[in-house]
Amino acid sequence: MFVPLYDGVPMRNIRVPYVTYAILIVSTLIYGVVTLDRLPMPETSITAAFGLIPAVFFGDVVLPEELSLVPVYATPVTSLFLHVGFLHLLGNMLFLFVFGDNVEDALGHFRFLLFFALCGAASGLAYAFSVPDSERPLVGASGAVSGVISAYLILHPRVRVWGLFFFRIPLHLRAYWAIGFWLLIQIAQIWINADDSVGWVAHVGGFAAGIILVIILRRKNQPLLGAGDGPQLTGDV
């Protein structure tokens with residue numbers, strides 16, 4: 001697995017990626033509140049109430065009244081802000097921190113928020129349709145973050161990204177190599193760990209949605225495929 005650390009792509013249209021930072025802060029705060037038992041219900045109940053449960057989403061199973069806190073159609077979005085462990089949260093937030101600012105810069109604040117929510121919803125629906133009878137809640141921002149990753153690939157494919165290969169080997173790779181390897185892992189895991197607790201299908205669904213949405217929602221003057229990236233970012237001479 002390739003873990004990104006830094007890309008160095010400068011902002012062109014905005015000074016501060018407010019939405020990216022807001023998602024980072026809100027997700028971390030929610031994780032802290034839930035894991036520290038600061039709410040009047042246990043973590044499992046919160047996950048059931050706000051997570052995306054395919055069998056509930058399609059109406060085959062009905063949640064107890066005390067857990068029906070949000071409309072079922074909202075759970076593809078509410079599920080994005082819950083995480084099942086610190087590493088789950090850290091991985092998603094690290095990818096968002098490295099890639100989210102440049103995608104927000106290319107889309108604008110509001111459209112990036114819309115983009116994030118739509119990628120998350122698309123990823124959740126991909127997961128739900130793949131296992132419609134499942135009663136296991138899907139939680140986490142992984143699907144939406146996958147959309148951010150694919151958008152970055154469409155915007156800056158040749159930029160060199162610093163990261164850790166298998167969490168320990170430092171490498172300086174072009175984005176298309178790093179993200180391409182990451183995507184292959186996601187696709188392979190769908191078959192290797194078909195019954196695993198990780199929603200690999202959601203990752204791929206969010207990735208596909210990100211490719212389509214970034215083309216539709218980007219600023220009119222925003223180039224694609226690295227057309228505006230200079231040699232200082234790509235390493236080309």
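This is a predicted model: local features need pLDDT of at least 70, side-chain atom pairs count only at pLDDT 80 or more; totals for chains, interfaces and linings use all residues.

Now, where does the lining come from? Five helices each supply at least two residues: α5, α6 (109–130), α7, α8 (175–192) and α9 (200–217). The largest share is from α5, with seven residues. How does the lining split by class? There are 20 nonpolar residues, 16 polar ones and one charged.

Next, one of those helices, α7. It covers residues 142–155. That is 14 residues, with 20 Å from the first C-alpha to the last. The span expected at 1.5 Å a residue is 20 Å, so α7 comes close to expectation. Is α7 enclosed or open? Of its 14 residues, 13 are buried, so the rest of the structure largely encloses this helix.

On to the rings. A pair of aromatic rings is described by the distance of the centres and the angle of the planes. With centres within 6.5 Å as the rule, the model has 10 aromatic pairs. I'll take two of them.

The pair I want you to look at is Phe99 with Tyr152. Their ring centres are 4.5 Å apart, and the planes meet at 50°. Why is this pair called tilted? Stacked needs under 30 degrees and edge-to-face needs over 60, so at 50° the pair of Phe99 and Tyr152 is tilted.

This pair links distant parts of the chain. Phe99 is in α5, residues 86–107, and Tyr152 is in α7, 53 residues apart. Are the two buried or exposed? Buried means under 20% relative accessible area. Phe99 is at 2%, so it counts as buried. Tyr152 is at 0%, so it is buried too.

Now compare Tyr176 and Trp177. Here the centres are 5.7 Å apart and the planes are at 45°, so this pair is also tilted. The surroundings read differently, though. Tyr176 has a relative accessible area of 36%, which makes it partly exposed. Trp177 reaches 56%, and over 50% is exposed, so Trp177 counts as exposed.

Last point. Phe99 and Tyr152 belong to one aromatic cluster, together with Phe95, Trp182 and Phe207.

That's my tour. Questions, please.

Terms used. Residues are numbered from 1 along each chain as its sequence is written. Side-chain values use heavy atoms; hydrogens and water are left out. Rings of Phe, Tyr and Trp (its six-membered ring) pair if their centres lie within 6.5 Å; planes under 30 degrees apart count as stacked, over 60 as edge-to-face and the rest as tilted. Helices (H or I, at least four residues) and strands (E, at least two) are DSSP runs, numbered from the N terminus. Buried means under 20% relative accessible area, exposed over 50%, partly exposed in between (1.4 Å probe, protein chains only). Ala, Val, Leu, Ile, Met, Phe, Trp, Tyr, Cys and Pro count as nonpolar, Asp, Glu, Lys and Arg as charged, and the others, Gly among them, as polar.
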